[in-house]
Amino acid sequence: MSVWYKEIWTVLLLLVPISIIGAMTGLFLPLLFLLTLCLLCRQIYQISRFEKWISKGGKGQYPKTSGIWEEIYYHVYRIRKTEKKRKKKLGKLIEQFHRSTEALPDAAVVLSANDEIEWANKAAREVLGLQQSDKGQRIPNLIRFPEFIRYLQSNDYKEPVILPSPLNNRITLAVRVVPYGSGLRLLLAQDVTQLKKMETMRKDFVANVSHELRTPLTVLKGYLETLQDMDDGQSALLTTSFKEMRGQTERMQHLVDDLLLLTHLETQRRKSQCVDVPALLKQICKEGHSLGDTSRRIHLSLEAPVHIYGEENELRSAFTNLLGNALKYSPEDSPVNVRWYQSGEEVILAVEDQGEGIAAADIPRVTERFYRVEVKRPKKVSGTGLGLSIVKHVLMRHDAKLLIVSQLGKGSTFSCHFPAQRVCG
Ligand code: ADP
């Protein structure tokens, strides 16, 4: 029988003698009142016992009782016991988390919504110079590099920011912020000194080799031109050999020029001026027209007379590469549309062709250095695989983005999106 039935039965059983005695003595109502009063006192007593037990934290065994109250005590006792178990488990988990994050080789700092330090691991104390006593301090007051403060306030944490360690400027750190929970952020700092060193070595090596190759290539090309001029056409083998050698030398020269340009983009500081993009595009398209095939039509549509702040030569390289690719990778009689227009906050250059297109799997890779899509083409298309890499770098230096929309066999649209802050006239 459930405890509730038991409780009701007890009250009913008490009512029976009261009714009989009440009927015999004519004192039914006073007796009923007395019974109700007794039951009420019993409940008040139980409530006060319960309140005393729970106010002490409901710890330990509950007082001896019976009926519905025993049931209530038991439920509360059980809830508290499972809660205690859960707390213990959670405590263990937090302890494990703390121990593992303490052992992390990378610095980790938990920041509040106001950039205050809530917790930092051992590596954070070692490479960022944070102290235990810095808890509650705002991190921009402790790490004062302007680029770090700008990064923290930017709310754009896709890429890490590279900083020297505040304790030792020979250590380079890649600092990244990961937002989580409600306004909390995890700051991670990784020591990338070795990586940076190797990256600098790679850049220096490429720059030196490219530079050193330039002179011998010019000499080689000069002699080949002379030999070609001297060729009287008597030997077909010699004529084709000279042609092939000259073609390959020119290809190597393009490669060296592209590599040097990439090195320049990676290492040189920006020199910005207000660039008349419509005039620049007119010039580039004119040069495109003169590439040889007159049947091919480049359609230039200048829909916005907007100038942008940037480096004219870099922009010329990027736009020439995009137009050159559209011409190279589409049939000689298909149109290429070049549009300069404004859309919302952005100014966009779109180069659209109706050529061979790029497979979806290759699109993310075409901006990688030396990546060329291997397709069977009716005519060999020469290239270095560095053009789109140059475009990507130039756009990055102009706070712009490159978007590629392409469909195999239908054509491609390469668009450069410049932010409104770059508009200067
Ligand atoms: P490349 O010197 O080979 O043209 P790029 O870096 O300019 O080097 O381009 C990389 C690859 O992307 C090219 O080899 C080509 O396969 C593909 N690609 C670039 N532009 C286009 C385009 N407009 N249409 C089709 N494929 C293209």
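These legends walk through several close-up views of the predicted model.

Residue numbers start from 1 along each chain as its sequence is written, and side-chain values use heavy atoms, with hydrogens and water left out. Since this is a predicted model, local features need pLDDT of at least 70 and side-chain atom pairs count only at pLDDT 80 or more, while totals for chains, interfaces and linings use all residues.

**View 1**
The chain splits into domain 1 (3–97), domain 2 (104–191), domain 3 (195–267) and domain 4 (273–422). Those bounds come from an automatic or database domain assignment. Take the C-alpha centres of domain 1 and domain 4, and you find them 81 Å apart.

**View 1. The shell around the ligand.**
Here we're looking at the 21 residues around the ligand, where a residue makes the list if one of its heavy atoms lies within 4 Å. Asn325, Tyr329, Arg372, Thr384 and Leu388 come nearest. Helices (H or I, at least four residues) and strands (E, at least two) are DSSP runs, numbered from the N terminus. Helix α9 hands over the largest share, three residues. By type, the shell holds nine nonpolar, seven polar and five charged residues. For that tally, Ala, Val, Leu, Ile, Met, Phe, Trp, Tyr, Cys and Pro go down as nonpolar, Asp, Glu, Lys and Arg as charged, and the others, Gly among them, as polar.

Zoom in on pairs of N or O atoms within 3.5 Å, the cut-off for a polar contact. A polar side-chain atom of Asn325 sits 2.8 Å from an oxygen atom of the ligand. Leu388 uses its backbone instead: one of its N or O atoms is 2.8 Å from a ligand oxygen atom. With Ser412, a polar side-chain atom lies 3.5 Å from a nitrogen atom of the ligand. On its own the ligand would expose 530 Å², and the protein buries 98% of that. Those areas come from the Shrake-Rupley method with a 1.4 Å probe.

**View 2. The disulfide of Cys274 and Cys424.**
With the cut-off at sulfur atoms within 2.5 Å, the count comes to one disulfide. The sulfur atoms of Cys274 and Cys424 are 1.9 Å apart, and the link is right-handed, with 95 degrees about the S-S bond. It ties together distant parts of the chain, 150 residues apart: Cys274 is in strand β6 (residues 273–275), and Cys424 is in the segment after β12. Cys274 is partly exposed at 38% relative accessibility, and Cys424 is also partly exposed, at 32%. On this scale buried means under 20% relative accessible area, exposed over 50%, and partly exposed in between (1.4 Å probe, protein chains only).

**View 3. Cysteines too far apart to bond.**
Cys285 is buried, at 5% relative accessibility. For Cys38, the closest cysteine sulfur is in Cys41, and 6.6 Å is too far as well.

Asp115 isn't a glycine, yet it has a positive phi of about 65 degrees. You'll find Asp115 in the loop between β1 (107–111) and β2 (117–120), buried at 9% relative accessible area. Phe370, not a glycine either, has a positive phi of about 65 degrees. Phe370 sits in the loop between β10 (346–353) and α10, and is partly exposed at 47%.

Methods: A polar contact is a pair of N or O atoms within 3.5 Å; within protein, one must be able to donate a hydrogen and the other to accept it, and residues adjacent in sequence count only if both atoms are side-chain atoms.
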